[in-house]
Amino acid sequence: MTTTEIKTNGRTTTEATTVRPNPATPRLNFAKTAPKVFRAVIGLDAAAREGLDPALVELVQIRASHLNRCAYCLRMHTTDARKAGESEDRLHMVAVWQEADHFFTDRERSALALTDAVTRIGDAGVPDEVYARAAAHFDEEELAHLLALIFTINTWNRIALSTAKRAGTDER
């Protein structure tokens, strides 16, 4: 973390800025070093996706990756979404989905709102209205899978960020 002093009207304030390290080489290879754990996350990921629309899965993974600033996962999931036929317009609008709501269905918007709340859970938890909105668009089983998908992409983001995975070096 770095701090910057800003002087305004004779008053000095300190602004903290988080600087993420960008190591020249990746850190440990998580898949090789903890293969049982890695396979367990893969299993959770596969189970979470069951019954969910593949396009929605990619939108959720892209949004969480934006919020977590995970370039590795963002690159991977935007590439997968393009291969699955997702439009460039929608991919560009995921980051600002609230302001570009006409690009997404009500169901997708409810999933993106839930993704925001769960990914940023430390800010305000998952507000009742966000949960209720998602519950109105997904049956209980789908909602459980959607939540598991959000948990999983947040886990993948944390693995990629903490092991310094580099965008564009997909190793799947």
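This report describes the fold, the salt bridges and some local features of a predicted protein model.

Residues are numbered from 1 along each chain as its sequence is written, and side-chain values use heavy atoms, with hydrogens and water left out. Because the model is predicted, local features need pLDDT of at least 70 and side-chain atom pairs count only at pLDDT 80 or more, whereas totals for chains, interfaces and linings use all residues.

**Overall fold**

The protein chain holds 9 helices and 2 strands, where helices (H or I, at least four residues) and strands (E, at least two) are DSSP runs numbered from the N terminus. In sequence order the pattern is β-β-α-α-α-α-α-α-α-α-α. Of the 172 residues, 37% count as buried; buried means under 20% relative accessible area, exposed over 50%, and partly exposed in between, with a 1.4 Å probe and protein chains only. Among contacts (heavy atoms within 4.5 Å) between residues at least 6 apart in sequence, 63% join residues at least 24 apart.

**Salt bridges**

The whole structure contains 7 salt bridges, each defined as a side-chain nitrogen of Lys or Arg within 4 Å of a carboxyl oxygen of Asp or Glu. The table lists some of them.

| Pair | N to O distance |
|---|---|
| Arg-82 and Glu-88 | 2.4 Å |
| Arg-109 and Asp-106 | 2.0 Å |
| Arg-107 and Glu-142 | 3.2 Å |

Arg-107 lies in helix H6 and Glu-142 in helix H9, so this pair ties together parts that are 35 residues apart in sequence; Arg-107 itself is partly exposed, with a relative accessible area of 28%. Arg-109 is buried at 13% relative accessible area, while Asp-106 is partly exposed at 44%.

**Backbone exceptions**

Most residues other than glycine have a negative phi.
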